[in-house]
Amino acid sequence: MEPISRRRFLTTTAGLAGILAAGVPPARGQQREISYLAWNNFAPASDKKLAEIGQRFTKDTGIKIRIDHIAHAQQAAKYASEVQSQAGHDLVEMRMHFPWLYEPQLVDVSDLVADLEKKYGKVISAGYETAHVKGVWRAVPQYHLFFLATYREDLFKKAGLPVPDTWEDLYKVGKELKKMGHPVGIPISQNYDSISTAGPVLWSLGGMEIDKDGKTVRINSPQTVEMVEWYKKMFRDCMEPEVLSWNDASNNESITAGKAGWIHNPISAYLLARNKKMVTADGINHHRSLAGPQGRHDTDVPRHMGIWKFSKNIEASKEWIRYLLGKKEVYDEYIVSGDAFNLPVYTNLQDHPVLKTDPKFAAVKPEGVQLHAYGWPAPPSDKVQQITNLFVLPNMIAKAVTGTPTKEAIAWAENEMKRMLAG
Amino acid sequence: MAVGNVGVATVARRSLRVRVRELIDREKILGPVFVTPALLLLVLLVAYPFAMALYFSVSNAFIGRPSHFIGVQNFVNLWQSDAFRQTFQNAFVFTGSAVAIKLVLGISLALLLNQQLWFKRAIRGAVLLPWVIPTALSTLGWWWMFSSLYSVVNWTGIAVGIMDPPGPNWLGQKYYAMTAVVAVNVWRGLPFFAITILAGLVSIPRELYEAAEADGAGPVGRFWYVTLPMLKPVLAIVVLFSTIFTFSDFNIVYVLTHGGPINSTHLFATLARQIGLETGRIAEGAAISLYLFPLLVFVVYAQLKFVRKEVY
């Protein structure tokens, strides 16, 4: 090892001490670098494309970017720890109401959204409701996905079953499907997919969890009773008890493995089967969301990009958002890589070419379907996100289908929701 | 002159070395020097987070927002939550049954391992495996085995004719789900019991058994009047540690059931995470995780007192 002279030692240590004291790196080390945390997309090709675009961004702008991924169920806890420690990634991908939950910690990105809206048209309603917090855009709408029906078209044809149009129709065909050994797969457990189905069933009957004022709990209603009764007969006659233990991936696994005959989910199950060349892929297709007496409603899951206030690279982070979403050719490329699982969130891009890349994407159009985020018609808030994250709605249904009297289960949910709103 | 200078320098260097050695020899100095790094780590990694948790539990802290002191309001409010009351009950059922089963099976396994066996060392090493594998990873394996779609447990049960198809809904029915999380906890914690009790067993003097045998004691009598009394201090320590670890278990429930179905397997740690981190109510989360702290302190105090009484 080369001996270090006293002069060199003193110069190096004095320099390091200076950097540490000032907290500013020397010009040579001041290359801009940002870090972005996103979920593990259920359309994995989209994550690969994101990495590729990230490399091009670095080449074009000189800003280094590190893209990390995390399972969607871990996002809330991870973000909470980043906020609490005021350290972590510069910008993060946020699902649904997250901008409301972390509002005081997020940079105002209204300027970015204004530019995007000029280019692509207004943000669709669910994106606006969830990222536009108290008059300020706290995150930039990135893309959205929505729930619809995924079913085994081959089995339906073989048994001569009609494609259901209402939730009541589903009960009728569901009984036949169960007899055929291919039950309906709607989770009733502590996961997000359970809420994504329970909400639309309740909305299509005219019910709601919380009123428009965001303060009055409305879960204890005749519509909820009707919804719970529907779930009870579905559980008894069309499904198997396994749905009480399912996680967000279980319904996908069930239909791709050849068991379930009908599930309520975005198109990720089909994409998985198609991309992995599974034998069930050809038989799987989609149809539009089911209706009830009060119309056709479904769950919308908008996703956004938010920049933490504690970030030291706010401008560079904004540049990344402009690059990914603001350049039409890049945004198109990114959307296409998601195979119609990730859809554009701006009105003028709704009829996107990605929808024509596979005939089985024909139903992936929310025509005649009212799409909402969790908790609708209550305005999005941190409270709604809390009720969501505590799985009050699926637990209410799970109680009822496993023996708790309907009214008792609903009263339990009402009490939990009131406690959440008061807290 | 030059020789004289070298001689002075050597003496000075020697005296410095001697002084350092003398300093090191003093216990009053050396003790704190050795203890300080560990103390600093304890303060940074244990005391500071604990103090923060204490503060959060008596505040209205919400992730990323300013907070203020509200006294014991969080602890009082928690009793109104059905999920918390259920969790409270779950924690006692889970810990009580898991520790009891681990104790009985642990003693049995230790007695077995204490026999003259072929491949004794290999078997003792293999017994430790469940304890060595990262819990989250091994629990994922269990999740696969209990999964409704691919359950190898049900497949085997049906194949040998002890279960009717489709078999128990392990993770979707509350009693089965609790059974599943207890079973995995027992599977993981058993080696700790067995190996520690085995260490206690090998330290029991052979003469005591010989004397008991001479007095006509059979295997049960020898176990009851020699083994068990001699093992008491070891058992007390093992049960103490296991009670604390089991009460604060997180991984098994988080991976297997996520606290479901209908909160029937939530433990303090999993509910605290769900409320404190996933919904942002960090104050309530801290209160949940600290709820049993006074009780556990009392259990530790009582058991350590018992151990001291037994040993001295």
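User: What counts as a contact between domain 1 of chain A and domain 2 of chain A, and how many residues take part?
Analyst: 5 residues of domain 1 of chain A are in contact with 4 residues of domain 2 of chain A. The word "contact" applies because two residues qualify when their C-beta atoms, placed from the backbone, lie within 7 Å. By class, the domain 1 side holds 4 nonpolar residues, no polar ones and 1 charged. Nonpolar here means Ala, Val, Leu, Ile, Met, Phe, Trp, Tyr, Cys and Pro; charged means Asp, Glu, Lys and Arg; the others, Gly among them, are polar.

User: What kind of model is this?
Analyst: The model is predicted, with local features needing pLDDT of at least 70 and side-chain atom pairs counting only at pLDDT 80 or more, whereas totals for chains, interfaces and linings use all residues. Residues are numbered from 1 along each chain as its sequence is written, while chains are lettered from A and ligands numbered from 1 in the order in which they are written.

User: Which domains does chain B have, and what separates them?
Analyst: Chain B is split into domain 1 (2-57) and domain 2 (75-311). Their centres, over C-alpha atoms, are separated by 42 Å. The contact between them takes 4 residues from domain 1 and 6 residues from domain 2. On the domain 1 side, 3 are nonpolar, 1 is polar and none is charged.

User: Why is chain A called as compact as a globular protein of its length?
Analyst: Chain A has 17 helices and 13 strands, both being DSSP runs numbered from the N terminus (helices H or I, at least four residues; strands E, at least two). Its radius of gyration is 24 Å, close to the 22 Å that the globule rule gives for 423 residues, so chain A is as compact as a globular protein of that length. The radius is taken over C-alpha atoms, and the rule is 2.2 Å times the number of residues to the power 0.38.

User: What does that rule give for chain B?
Analyst: For a compact globule of 312 residues the value would be near 20 Å, but chain B has 27 Å. Along the principal axes, the C-alpha atoms of chain B fill a box of roughly 100 × 75 × 40 Å. Chain B has 15 helices and 0 strands.

User: Why is A:Val301 called buried?
Analyst: A:Val301 has 20 other C-beta atoms within 10 Å, so it is buried. The cut-off for "buried" is 20 or more such atoms within 10 Å, "exposed" is 12 or fewer, and partly exposed lies in between, with C-beta atoms placed from the backbone. A:Val301 lies in strand S12 (residues 295-307). Beyond its neighbours within four places in sequence, its contacts are A:Arg95, A:Met96, A:His144, A:Leu145 and A:Phe146.

User: What makes the backbone at A:Ala340 and B:Ile262 worth noting?
Analyst: Most residues other than glycine have a negative phi, and most peptide bonds are trans. A:Ala340 has a positive phi near 70°, and B:Ile262 has a positive phi of about 50°. A:Ala340 is in the loop between helix H14 (328-337) and S13 of chain A, and counts as buried with 24 C-beta neighbours inside 10 Å. B:Ile262 is in the loop between helix H12 (251-256) and H13 of chain B, and is buried with 27 other C-beta atoms within 10 Å.

User: Which residues are joined by a cis peptide bond, and what is omega there?
Analyst: One cis bond joins A:Trp376 and A:Pro377, with omega about 5°. Another joins B:Pro165 and B:Pro166, also with omega about 5°. A:Pro377 sits in the loop between strand S13 (370-372) and helix H15 (382-389) of chain A.

User: Which handedness does the crossing of H4(B) and H11(B) have?
Analyst: H4(B) passes H11(B) in a right-handed crossing. A crossing is right-handed if the near helix is turned clockwise from the far one by less than a right angle, and left-handed if anticlockwise. Helix H4 (residues 82-113) and helix H11 (residues 219-247) pack at about 145°, with axes 9 Å apart. The axes are lines fitted to C-alpha atoms, for helices over the stretch in contact, and angles run from 0 to 180 degrees between N-to-C directions.

Terms used. Domains from an automatic or database assignment.
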